[in-house]
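Visitor: Please take me through one part of this model in detail. I would like to look closely at the place where the two chains meet.

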Protein chains: 2
Amino acid sequence: MKRIVILGSTGSIGTNTLDIISKFTEKFQAVGLTANGNVDKLEEQVRTFSPAVVAMADQAAAERLRTRCKGLKTTILSGTDGLRQTATLAEADLVISAIVGGAGLVPTLAAITAGKFVALANKEPMVMAGRLMQEEARKRGVRIFPVDSEHSALFQSMEGHRVEDIRRLILTASGGPLWNLTKEQLRDVTVEQALKHPNWKMGDKITIDSATLMNKGFEVIEACRLFNLPPSRVQVMVHPQSTIHSMVEFVDGSILAQFSVTDMRLPILYALTYPDRIPSAMHFPVMDLRHLEFLPPDMEKFPCLGLAYEAAEAGGAKTVALNAADEVAVAAFLQGRIGVDHIPEVIREVLLQRKLVSWNL
Amino acid sequence: MKRIVILGSTGSIGTNTLDIISKFTEKFQAVGLTANGNVDKLEEQVRTFSPAVVAMADQAAAERLRTRCKGLKTTILSGTDGLRQTATLAEADLVISAIVGGAGLVPTLAAITAGKFVALANKEPMVMAGRLMQEEARKRGVRIFPVDSEHSALFQSMEGHRVEDIRRLILTASGGPLWNLTKEQLRDVTVEQALKHPNWKMGDKITIDSATLMNKGFEVIEACRLFNLPPSRVQVMVHPQSTIHSMVEFVDGSILAQFSVTDMRLPILYALTYPDRIPSAMHFPVMDLRHLEFLPPDMEKFPCLGLAYEAAEAGGAKTVALNAADEVAVAAFLQGRIGVDHIPEVIREVLLQRKLVSWNL
């Protein structure tokens, strides 16, 4: 029995993880859940899964949940401290880190420091403090597994092979909903347009990041930190069909590619069962491989990707700044305060700040 | 320094292996070579690589080689015994088994029994006596690596993953030069037509086997024996581009596929360097993945594949008979004595013999 904590249980990764847990109750148990402020959903999850502990980042929300769950055995914590306590729960074997944005860093790092294996669904912790997390994981003898489909594909393709034999990682990108627009059209993009991701249903922030290719930029940084490779060894290829989830090219010229049906539950399942697998009903019809396209990304139309490479090369404070600037810029776009083409401009300006001291996370 | 013996050094796998050895003289040394009767080529190889021992199956050829190589340090052996002695050379670390047809079995098995790691380029030994070879390898603590591109692809895709987590292997087949012909047209196929393989340049026997899909049938049996899986877990897909060399589908629905430039030296290189890899200049342009087709094989037009599945299920004497009958039938076709459509008929008749006792090799 693997005992699981989910940081961010009411989001899309969180609910998908609970969906898997509910299907394999003899293998997994949800012992801890955290959410930001979605009281309705967390209450439902508490009643379904009876976790030992849950925590809400929002104090008032936690208070409401306490009232609603009176009489239940679940302990309800709140605030950053509550999140941290849930992330480090003594009985937990694996912590799924799925909190949107930079807020996931502190509890995720706490989990690692407490000696928990971590499955990372949010890339921000790795972007902000990947080196620190890996160093901590090494010290504690635990591992960090990727959960997003691209890094899971890389992880699966590398498994059993030596990192030093890798020529490059090929991260695929759908291109997002704005891929075919001209530079001029990009200026007038509405929030609705940018939120229409062609292949994956995800939260708002990550969908906008997909539209600007910043998400792919974060994934480049995440891949560098997860697999200990320089940015020059991580290449992005636009692959509009999102069929091949990513590939690893080895020094001898051999390439391994991973694919499957486009369902988040698959990489989640692998992170939960690793190093084993358990049967699922998911089946990819190989005959559908027929129409594939692979194109180099247009770095001029999508400057966020280039900014991410710059930050990845520089490391340290630059990746933290990249992430923070992007969070603020995307929020401003979602509120209709700036255009989608201003997002990279905001980020570039922040990255140019001389005050960005060179510390290495 | 890895010391290599090549059984069948004058064939296409043999010369490709020597080409690699000549490029990495600090890593590999050819210590033993064997050939059937090609004196010119073996003499050239003796002069270039100065192996300790060579052997020729043909006694008269060996005699001629001795005359030509007088004064050289290489010991020249002959006959089955000479092949066996070369295959079990004390100083050898790895034996490349690349003798065409069933003749490879005895020296290959001798190599395993002598505790040598074996890289198998010919599938006949596995088809004829796969279980025996694997049992012997287990006893001696050695491994058998595949060298042909499909099994190398499977091997690379499975490396680091558990065999029990495999849902099925997907062996790709180019379909061969006769793929698009009607049943009627198949009757009039000339030897020249059948020898025109669309993607690989190989010897005559294997090229005809590719045209009848018997080669793929042998590969199904080889895959079963190499990876210890039942025939029902090995599926053949016709993939005319031969881009994806093969795939492994895991129980959870995840698929790993291997591809590279179409060059035999790549799987040979991997077998030579395993578990490491060494850099090659080979580079597959990922953008060329665009046009791929995967189709189920037409078992009615190409009955050899079905016969191979039958033999694989039955095991034992049936696979030996399958191989022997095919050797005879293909030779008859190459000599113009029977049509290509008679090959499966000959084999079917042999497989139906009641005298095929059930012993399990």
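Guide: Start with a salt bridge: the side chains of B:Arg162 and A:Asp276 meet at 3.2 Å, N to O. Keep in mind that this is a predicted model. Between chain B and chain A the count is four salt bridges. Polar contacts cross the interface too, with 27 residue pairs found.

Now look at which elements of chain B touch chain A. Those giving two or more residues are helix H7 (149-158), strand S8 (166-173), strand S10 (244-250), strand S11 (255-259) and helix H12 (265-273) of chain B. S11(B) gives the most, with five residues. By type, the residues on this side of chain B divide into 24 nonpolar, 11 polar and 11 charged.

Stay with S11(B). Strand S11 (residues 255-259) of chain A is joined to S11(B) by five bridges, and the two strands run antiparallel. Find A:Ala257 there: its bridge partner in S11(B) is B:Ala257. In general, strands of a sheet pair through backbone hydrogen bonds, either parallel or antiparallel.

Next, step back to the whole contact. Chain B puts in 46 residues, and chain A puts in 46 residues. Together the chains bury about 3,900 Å² between them. Carbon and sulfur atoms account for 55% of that area.

For another kind of pairing, turn to chain A. Seven of its strands form an open sheet in the order S4-S3-S2-S1-S5-S6-S7, with parallel pairing. Strand S4 (75-78) and strand S7 (144-146) of chain A stand at the edges, each with a single partner strand, so one side of each has no neighbour in the sheet.

Conventions:
Residues numbered from 1 in each chain as written. Chains lettered and ligands numbered in written order. Predicted model: local features only at pLDDT ≥ 70, side-chain atom pairs only at ≥ 80, totals over all residues. Heavy atoms only, no water. Pairing = 2+ DSSP bridges. Helix = DSSP H or I, 4+ residues; strand = E, 2+ residues; numbered from the N terminus. Contact = heavy atoms within 4.5 Å. Buried area = accessible area lost by both parts, 1.4 Å probe. Polar contact = N/O pair within 3.5 Å; in protein donor to acceptor, adjacent residues only side chain to side chain. Nonpolar A, V, L, I, M, F, W, Y, C, P; charged D, E, K, R; others polar.
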